[in-house]
Amino acid sequence: MDKEKSGAIHCFTFTTEVHKDLEREMVNLVTAYWSLLRWVMKMAVSSWGINKKYAVYVPDLLFFGGSGTDKQERSPAFIAECLAVGLRKLGVEKCIMVGFSYGGFVAFKMAEMYPEVVQAIVISGSIVAMMDSINTTTVQAFGFCSCSEMLLPTSVKGLKTLLSIGAHKNLLLPNRLCKDFLKVMYSNRKERGELLEALVISDKNINIPNFPQEVRK
């Protein structure tokens, strides 16, 4: 990122020769809010051989992995701006945005803000914008008061509840492992909570853009 942005975007690639990647179609994979899923997706890209056909880039969201900023902005629009700067520094002029869950919000926003860069959008488990009504209904359905309470657990019980929501099968993990997981995987709690707060917008302020790109769901 530029110095004026006061931060950095860490981006995982599948090659050390970025200039050769520029000869292939670019895929920017923005993963979900949950830390562990980012590593799962990176392994999946490699094991499925997707990186053999496409030049795949997997950036860390702000305050995850090696990404962060001194700025106070936390909106998906700001993250999209940061990603655009990072891709530009890598020499990426055009790409396909693939977004899952939280990453879908960022992918939609980047497609809206940078139509000259984003050629197509592939979205899974996400919507264009998280409105107040949808957010409230969703978290209450799972017995929580807020997204932060659900996605940033502070106890073993809270973590196991989150895992039961996000996993197809119930994961029988020992409490000791869960305690270590909470210590290692949930740093930057304040900033990550702010990301979730900035994600939700009022139903009255919803504005669905007309995307010129191809949208694949």
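Valine 30 has these contacts beyond four places in sequence: Pro59, Leu61, Leu83, Met97, Val98, Gly99, Phe100, Gly103 and Val106. The residue sits in strand β3. Its relative accessibility is 0%, so valine 30 counts as buried. Please keep in mind that this is a predicted model. Valine 30 and serine 101 are 71 residues apart along the chain, and their C-alpha atoms are separated by 8.9 Å.

Let me stay with serine 101 for a moment. Serine 101 belongs to the loop between β6 and α5. Its phi is near 55 degrees, a positive value in a residue other than glycine. Is serine 101 buried, partly exposed or exposed? With a relative accessible area of 26%, serine 101 is partly exposed, because buried would require under 20% and exposed over 50%.

The backbone oxygen of serine 101 is reached by the side chain of serine 126, at 3.1 Å. Serine 126 is placed in the loop between β7 and β8, the latter being residues 130–131. Setting aside residues up to four places away in sequence, serine 126 touches Ser101, Gly104 and Phe105.

β6 and β7 run parallel and are joined by six bridges. The path from β6 to β7 goes through α5, and this β-α-β crossover is right-handed. Within the pair, glycine 99 stands opposite isoleucine 123 of β7. Glycine 99 has come up already, as one of the residues that valine 30 touches.

Next, the packing. The largest nonpolar core has 35 residues, and the members touching the most others are Ile79, Val106, Met110 and Ile121. Which elements supply at least two residues each to this core? They are β3 (26–30), β4, α4 (76–89), β6 (95–100), α5 (102–113), β7 (118–124) and α10. As background, nonpolar side chains in soluble globular proteins tend to be buried together.

Take isoleucine 79 from that list. Leaving out neighbours within four places in sequence, isoleucine 79 is in contact with Leu61, Leu62, Arg74, Tyr102, Val106 and Leu195.

Now α10. Glycine 193 lies in this helix. Glycine 193 counts as buried because its relative accessibility is 7%, and the cut-off is under 20%.

One more loop, the one between β4 and β5. It holds serine 67, with β4 being residues 55–59 and β5 residues 68–69. Phenylalanine 63 is in this loop as well. Phenylalanine 63 has a phi near 70 degrees, again a positive value in a residue other than glycine. At 7% relative accessibility, phenylalanine 63 counts as buried. Serine 67 is buried too, with a relative accessible area of 5%.

Beyond four places in sequence, serine 67 touches Ala8, Ile9, His10, Asp60, Leu61 and Leu62. Leu61 and Leu62 are also contacts of isoleucine 79.

Let me finish with the chain as a whole. There are 10 helices and 10 strands. Of the 217 residues, 43% are buried. Taking contacts between residues at least 6 apart in sequence, 73% join residues at least 24 apart.

On confidence, the average pLDDT of the chain is 83, and 84% of the residues score at least 70. Which elements mark the two ends of the range by mean pLDDT? The lowest mean belongs to helix α1, residues 18–21, at 54, and the highest to helix α10, residues 189–199, at 93. Helix α10 is the one that holds glycine 193.

Conventions. Residues numbered from 1 in each chain as written. Predicted model: local features only at pLDDT ≥ 70, side-chain atom pairs only at ≥ 80, totals over all residues. Heavy atoms only, no water. Helix = DSSP H or I, 4+ residues; strand = E, 2+ residues; numbered from the N terminus. Buried < 20%, exposed > 50% of the residue type's maximum accessible area, 1.4 Å probe, protein only. Contact = heavy atoms within 4.5 Å. pLDDT = per-residue confidence, 0-100. Core = buried A, V, L, I, M, F, W, Y, C linked by side-chain atoms within 4.5 Å. Pairing = 2+ DSSP bridges. Right-handed = clockwise from strand over helix to strand, strands pointing away. Polar contact = N/O pair within 3.5 Å; in protein donor to acceptor, adjacent residues only side chain to side chain.
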